[in-house]
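Student: Can you walk me through this one? I'd like to talk about helices and holes.

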Amino acid sequence: MKILMVNKFLYSRGGCETYMLKLSEELKAKGHEIEFFGMYDEKNTVGNSENLYTTNMDFHSTGIARFFYPFKIIYSLEAFKKIGKVLDSFKPDIVHMNNINFQLTPSIIYAIKKRNIPLVQTVHDYQMICPNHLLYSLKETKPCERCINGSKLNCFKYGCIHGSKAKSLMGAIEAKLYSLLKTYKKVDLYICPSRFLEEKLLSADNLYIGKTFTIHNFIEKKPMPEKTDTEKPYVAFASRLSIEKGVDILAKAAKLLPEIPFIIAGNGPDDECLKNIPNVKMKGFLTGDELISLIANARVMILPSVWYENCPLNILETHSFGVPVITMNSGGMAELVEDGKTGLLINEPTPHNTAQAIKKCFEDEELYSVLKQNCEIRKDEIIEVGDYADILIQKYQQIIG
């Protein structure tokens, strides 16, 4: 089978890119031919035989090119033409899209369907129903669903994209345009990493009915590292240090529990709130063995996100080491943690509730033993890339057929 993988970034940059690259490696190992289309970047690690990519767009640049971005992020004629040439040359049996908005734009959907090529998209965020992709208001610091069934101009009204009225207006226009055109109806199948996301799509527009399939993300299971006895039992946090990840709640909860150590891995714009707290140790951004050791040796992992996480990999990775997770009872998070069995779910995202959940995992040995045992049992159920690829190949074949 010939598969064209599409994503705006073609190098390891975040969770979406890791998904695409790992999945592509597995599909190649299973005998399929893969090429890639996306934006040019000197860091790109994959590509296509035509060597065609869209021009790099740096939204943080100060050059004159940035003044043309508002036109290019709504409909990219360049992307339409270039992917068309790649399609005509490679002649894929199916196209698998990932994140495309702004740098590639849904213009590529028209190029693909013009050639009657089957099209699948993995939905990594909420971009089709929320112009800022988060279902979260950074201005109000709370989940927001105004645009799901309401006007997309709410994005402009509340300055939802980076607090910028100009960017928010462009986001609202893009969302409204493709909603009116029913562009997303052209996609044959949407792969949803959570039931929560699937339900939000179905509630937003009936064009998604019969076009969704939910499967939790895969992970690469790692061997259990050696236990370390140098640390007291600690709470681990490994994620971006930003307000929507609940770092302010985490900081306040840590202050309420001065006797419990917290070890933080990550960086981000809101790291200041976690500094200068005696029982909080900040390790910075960790990868590889250091990150594995931090997770596997933790008493419990905490993910206090206040936005609707889709299918956070750090929950799956933590459970794969038999470690319980404390998280919020919302979004895709609530699907991955069974309350009282593989972790604890917090109904109201407050520092007090978060601290109480953590305290339970440190003081109630009977409860913790149950959580730990269940995590050990469930870790074998977490899907790996090989099985995930097999399921996906079946879906590809059904659509092609």
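Tutor: Start with a term: helices (H or I, at least four residues) and strands (E, at least two) are DSSP runs, numbered from the N terminus. A helix's expected span is 1.5 Å times one less than its number of residues. This is a predicted model: local features need pLDDT of at least 70, side-chain atom pairs count only at pLDDT 80 or more, and totals for chains, interfaces and linings use all residues. Residues are numbered from 1 along each chain as its sequence is written, and side-chain values use heavy atoms, with hydrogens and water left out.

Student: OK, how far does helix 13 reach from its first C-alpha to its last?

Tutor: 18 Å, close to the 18 Å expected. Helix 13 covers residues 351–363, 13 residues in total.

Student: Which of its residues are buried?

Tutor: Thr354, Ala355, Ala357, Ile358, Cys361 and Phe362. Buried means under 20% relative accessible area with a 1.4 Å probe, protein chains only.

Student: New topic. How many cavities of 30 Å³ or more?

Tutor: Two. A cavity is a set of points on a 1 Å grid, over the protein atoms alone, where a 1.4 Å probe fits but cannot get out; lining residues have an atom within 4 Å of a point. Volume is the space filled by probe spheres set on the points, which are joined across faces, edges and corners.

Student: What lines the largest cavity?

Tutor: 14 residues, with Cys130, Asn132, Cys144, Cys147 and Cys160 nearest its centre. The largest cavity's volume is about 90 Å³.

Technical notes:
1 Å grid on protein atoms, 1.4 Å probe; cavity = no way out; pocket = protein on both sides within 12 Å on 5 of 7 lines; lining within 4 Å. Buried < 20%, exposed > 50% of the residue type's maximum accessible area, 1.4 Å probe, protein only.
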